[in-house]
Every structure is written in C-alpha cells, then in structure tokens.
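User: I am new to reading protein models and would like to go through this one with you step by step. Could you show me the structure before we start?

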Amino acid sequence: MKTAAGDPCRLLFSEILRLVPCDRIALAMPLSDGSGFRICGAHPDGASFPDIQIPSQGSCAAHVAAHRHGELLSALGTETHYAEEEALYRAGFRDAAFVPLFLGGELQGVVIVGRSEVNSLEARSIRCLEKVSGLLAALLAASLQTATAAPPCPPGVVPFARRIPQEEDLEKICRGLLEAIRERTGVRRAVLTLLDSEMKSYQWFFTGLSDSEIDELHRAPLSDEKQREIFKAGRDSSVTGEGADGLHVPLFGTRRRPLGYLTLAGGDPARDFLPVVELMAGLVAVALERNQLLLEIKRERSRMQKIQEQLLHAERLSALGQLVSGVAHELNNPLAGVMGFAELAMRENTNPRCERDLQRIVKESQRCQHIVKNLLNFARRTKAERRALSINDLVENVLDLQSYQLKLDNVKILPDLDRDLPRTLGDYHQIQQVLLNIINNAHQAMQEVDGERALVLRTRAEEGVIRIQITDTGPGISPARLSRIFEPFFTTKAPGKGTGLGLSLSQGIVKQHGGEIRVDSVVGKGTTFTVELPVREVKEEEAPESVARQEAADASHTILVVDDEEVIVDLLREVLAAVGHKVETAQSGEQALDKILSTPFDAVISDLKMPGLDGAGLYAQVCDQKPEMAGRFVFSTGDLAGAATQDFFKKTGCPYLLKPFDMETVRSTLSRIFSRS
Ligand SMILES: Nc1ncnc2c1ncn2[C@@H]1O[C@H](COP(=O)(O)OP(=O)(O)OP(=O)(O)O)[C@@H](O)[C@H]1O
Ligand SMILES: [Mg+2]
C-alpha cells in the first residue's frame, strides 16, 4: 500500500519501536469528512496490510479518540468487540494497543502497536506511549507537512529540498538555507532569526553581514510589534517590511506556530526569487520543527529511563530488605545466647586470662547486636512516632553524648543554634539516630586529617522548615563517592568500622518525616550535611518525650520462662536463678498454659512467635481463665515491625524485651512488673 503518508510513518514508527517492545505498528488517520479512519502505513510490511476503512462507529480507533486515552486489546480473534479487529488479526496482530495522538487539541491519528504473540503486550507500553503521545503527534504532523505540503520544486532547489528535511544538525540546516539563498537568488545579505515558544529570539545565523552590522543587529533586535506583524495571519504575501531593514519572510511550524524569520537585503536578486525563498523557508521550518521534536523526544526518553531505573532500584531495595530482615531474625536468638552466657561466665570466672577473652566475646557480640539492630531498622522502616520535639534540645542532647569523644580527638565543637526555633512533631529516637550517624561520620572523617578539626552544628527556621546543618573539616567526599553515599551498604570504612547503612537509614527516616537530607562537599575542605524537617503544629496534649522511669526491686520471685528456643530458655533460667529467682521453664505455649493454670507465678516471660500456641494465644487463654495473671506477662520478640505485633502491644500494654536483650534490660523490665503487684 502506497500513500502520501508512507514516508512520514517511517520516522514515527522508528520512534515507537525504540520506546515500546512491539513487532507490529499501524497508523490510522482520520478522514477529513469525519466518516472514520484509514490505515496509512504499517510496520513491518505496509504492503501486506489489508486496505481497510475503519468506521467512526463501533471501532476502537474512534473509541480511544473520543475518550482521549489508550486501550489494550489482548488475544485478538477470540472474541470481537471492535470493527477493526479482524483486519488487525489478518495483519498478524494478536495483541494491540490503540493510542490517540492529539496535537493542540486536534486529533492527528491513532497509532496501533501490536505483537504477534498472544498476551505479550504489556499495559505499561500503553502508558509509555500515552506519555509521549503529544510528541508523537507533533512528529507526525511535521512529517506529514514534509510529505504533503511541499509544492513542486523548481529544478535549482531540488538538491536543497532533498537534503534539508533529512538533516539533523540545526546549524547545518540554517547555514544551508543561507548559502542556498545566496547561490540561487542573488540576495547578498540574509539573516535567519530563530524564536522560542514565547517568540523571543534565541539564535541568529548570518551571511554577507559585516561585524558592525552584526553588532547592530544584536544591539537593536526587531521590536515585538514588528515581529508580530511578520507573522500576522491571512495576508496575501508572506513577505513584509520592504523598507530599510529589508524583506522579512516568516517560518511557520505546524498550526502556524512561529519558528523564526528570514531578513533579506542587498544584492541583485532575480525577479522570481521570492517564491524560491518561500519554498526553501518552508522546508527549513519543517526541518527545524522536527529537530525540536527530536530533542524533546530525547529528553522525554531519558526522563522515562530515569524513572524506570528508580523503580528498579526501589524493587531491588525492598527485596534486599526482606532478605536482610530474615537473616537478622535468625541471628537474634543465637546472639542473645552468646551475649548472655558470656556475661554469666564472666561473673563466675576467676581466671584473669579468661576474663580478658570473655570481655572480648561480650564486646564483639555487642557489635553484632548493633549490626543486627541496624539491619532490622533498615529492613523494617517502622512508622515514625509523632511527638513534640525541640530540635535544639535534641541537638544539644546528641552533643552531650558525643562531646567527650570528639574532644579527645581534638575536634572543636561550634554550636550555632537558632533560639527561636519552633517546635515540631517527630520521632525523638529516630531523629537522634540521624544526627548521631551524621556526627559519627564527621568524627570518623576528621580523624583522617591533621590540623584544625571543627564541627559546626547550625539550626535555623525558615518558611515552615527547620534546617539542621552539620559541617565538618574532614577530607571531603569525591564526586564519584558522593553519588553513592546514600546507597545501603555503601561504605569506605574498614571492616568492622561501618556497615554502610547509616546514611541510607537516615535518609529513610528523614523522608518519613516529610523532610529531606542533602550533602555538599568540597574535597580537601570538608562536608556539610543538611537535614530539613517540616514544621508541624504541636498541639498541647502532645507531651514532650520523657525518659522512661525505671525502678529496681530485686527480690526472690517465681518466674516462668516460655520459649521454643532452648538457648534462650537456658540463658534466662541461669540469669534469673543467679539473682535469686525461682525459675520454671516451658518450651511451648501449650506446656506453659498447663503450668500457669496449675502453679502461681509472679511473672511470665514468653516468646511471641512460637509454633502451635503462640505468645498472643497463650496470653488470651490465660486472661480468660486466670485474669489476675494479665499484668504479669513480659514478651520477648525479635521484631516490633509487624502491624499485628504493634497492635498487640498497644492493646495489651504488656512490656516487651527486644531480642537480643542484655541482662540488665531483663532485670529492669521484670522489676517494673514486680513493683506493680
Ligand atoms: N562527613 C563525611 N566525610 C567524608 N565521608 C563521609 C562523611 N559522611 C559519610 N561519608 C562517606 O559515606 C559513606 C557512607 O556513610 P554511612 O553512614 O551510610 O555508612 P558508614 O558510616 O560507612 O557505616 P555505618 O553508618 O553503617 O556504621 C561512609 O563510608 C563515608 O565514605
Ligand atoms: Mg555512618
């Protein structure tokens, strides 16, 4: 099938093939009498496409044009909904997506992309095409203009007419035009002025002008009014201004969009030179517009690629999060065992050599505990609490914690706090974690440099935002590293010194607070991290965070320890017995229930997740049958992240031990229970 639009389709189709995976494309063009559409080009083999007319009633092309969005038809040939389905099936389409191409509100055509395999075209492809449909429409319009609008060429212009529409280099297009004008018409001086979408001139090309004339042109460009005059529609001739500054020939794009204008003067032009110039200007206008469209498509394509990469990254992170949280959970129980038994052994040991080794074990397992906690934090992204926060208090608090270490390493601390900072809502511990990590990073970085070391902490409030800036005089971060520091597990620190999770976690926390974290760094000078938090209105009842009250009331009590992990049961038994408690154990919920119903206990420490009757089930049954025991439960858990777990603790108010726990926490939690009864 050969049509005037056969060639323009080539460009459109090659764009589409680059954007979406498909092996069939057809273009349906609206008929001028509104009676429907006609297929005006097809890929891969236009000639074999059935020459059909698509009606305006009952066709998918008409449907998508009326509703202005795309539609996916899968498994063509099984059931027929639309008029053109059979023809598409005959042309090898098994799936097809229809996307209308609108330009400035006017339908240019409907593009039909398809695949020769059933159910292989993705809905994503339609969304992708819809996103660029404006551009495709413009591209189509411009190409059609090339194919149809060109009047017969006088022989002298033929080489130009062949070359220019194919040219992709803006500079070559414009220079080519000016050269051709000088050669073909005898005009001596010509200026091509290009306009942007707001009719502002942004680029000039000249031929035959002296330097002073060029200067003059730049100094006194044409007035807006004069420019408007050039493009005024409906005049007989396109040429205006046959005055001192020469003739002006406008360059129109599709829908008479002004693209630029030519100014011609001097020389001894041939009598019929104007139609030739107008013809060439028309060809150049098409080439210019296509050039702009291609640029826009390129921009759009790279924007889409970026979005795709971000999505992929997010998917990868969430899979990684699941893996990490699984591994961290598995490590919790053995780690609690190692820590606890080492502490116990230390207490009973009298051999000084063993003492040192045991201390090592405790210290290293604490490091593991820290890593596991970080991993779980990374994977879980718990919901942030919303409490009233004074950011200045928080900063000072963090400094109190760190100042001793910083001073030991000769770091001068320079606080610069805005005393009028408003309060905001947030999670105290999470923001503290963010600041601690940034300060730790700065501290570690400054250890690499000799000379003056200073840490500036600045707080400011501005337009509903609280800004915290932490600046160090460390070695700075190279641009290559800078782009990676927020990636999880990216670290440049020696093994054991960093897991590479600090900044990735911090970024997650700050984002959850509706804020932003940024970094600026100059190699050899230092680094500034900026944390911005939105100011959220604090209502009076939202009391400031207070440190939990702790009581110590150790006396001899009877305690039941329930856990399906033997190492935890053994550990708790030993620890609690060592301080004088009487300890019973159970390794399942069922066993525990029997014991609780038959024996009085002062406290029950139970694992939450157990096969069979789990912690929550055990608690429910005990509350039912022995309600006085309800306030005596402490639960141990490896993870607070699950909604069910959080709900459970909120509803019951039961205290919990987060695995791996240290012995001090176990004792202080128990003493809270004992002090209640
Ligand atoms: N102030 C800084 N100056 C120089 N480099 C820094 C600074 N802050 C961060 N970095 C670089 O960013 C990397 C990532 O930091 P991040 O806090 O995420 O992980 P980490 O400190 O290596 O390990 P973790 O925080 O998990 O213990 C660091 O290893 C370091 O290379
Ligand atoms: Mg860190």
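## Ligand shell and neighbouring elements

Analyst: This is a predicted model. In the shell around ligand 1, the residues divide into seven nonpolar, 12 polar and two charged.

User: Which helix gives the most residues to the shell around ligand 1?

Analyst: The shell holds 21 residues, and among the closest are Ala445 and Gly502. Two elements give two or more residues to this shell, namely helix 13 (428-446) and helix 15 (502-512). With four residues, the one that gives the most is helix 13.

User: Why do the buried residues of helix 16 line one face of the helix?

Analyst: Helix 16, which covers residues 566-578, reaches 18 Å from its first C-alpha to its last, close to the 18 Å expected at 1.5 Å a residue. Its buried residues are Ile568, Leu571, Leu572, Val575 and Leu576. Seen down the axis of helix 16, these buried residues line one face because they fall within an arc of 115°.

User: Is strand 19 largely enclosed by the rest of the structure or largely open, and how many of its residues are buried?

Analyst: A residue is called buried if 20 or more other C-beta atoms lie within 10 Å of its own. Strand 19 spans residues 558-562, and it is largely enclosed by the rest of the structure, because the number of its five residues that are buried is four.

User: What unit do strand 19, helix 16 and strand 20 make?

Analyst: Strand 19 and strand 20 (residues 582-586) run parallel and are joined by five bridges, with Val561 standing opposite Thr585 in strand 20. Strand 19 also pairs in the parallel sense with strand 21 (residues 603-607) over four bridges, where the bridge partner of Ile559 is Ala603. Taken with helix 16, strand 19 and strand 20 make a right-handed β-α-β unit.

User: Which residue in the turn of the hairpin formed by strand 17 and strand 18 has a positive phi?

Analyst: Strand 17 (residues 516-522) and strand 18 (residues 526-534) pair in the antiparallel sense over seven bridges, and Ile517 has Val531 in strand 18 as its bridge partner. The two strands form a hairpin with three residues between them, and the residue in the turn with a positive phi, about 90°, is Gly524.

Key
Residues are numbered from 1 along each chain as its sequence is written. Chains are lettered from A and ligands numbered from 1 in the order in which they are written. This is a predicted model: local features need pLDDT of at least 70, side-chain atom pairs count only at pLDDT 80 or more; totals for chains, interfaces and linings use all residues. A residue is near a molecule or strand if its C-beta atom, placed from the backbone, lies within 6 Å of it. Ala, Val, Leu, Ile, Met, Phe, Trp, Tyr, Cys and Pro count as nonpolar, Asp, Glu, Lys and Arg as charged, and the others, Gly among them, as polar. The expected span of a helix is 1.5 Å times one less than its number of residues. A residue is buried if 20 or more other C-beta atoms lie within 10 Å of its own, exposed if 12 or fewer, and partly exposed in between; C-beta atoms are placed from the backbone. The arc is that of the directions from the helix axis to the C-beta atoms. Two strands pair if DSSP finds at least two bridges between them. A crossover is right-handed if, with the strands pointing away from the viewer, the path from the first strand over the helix to the second runs clockwise.
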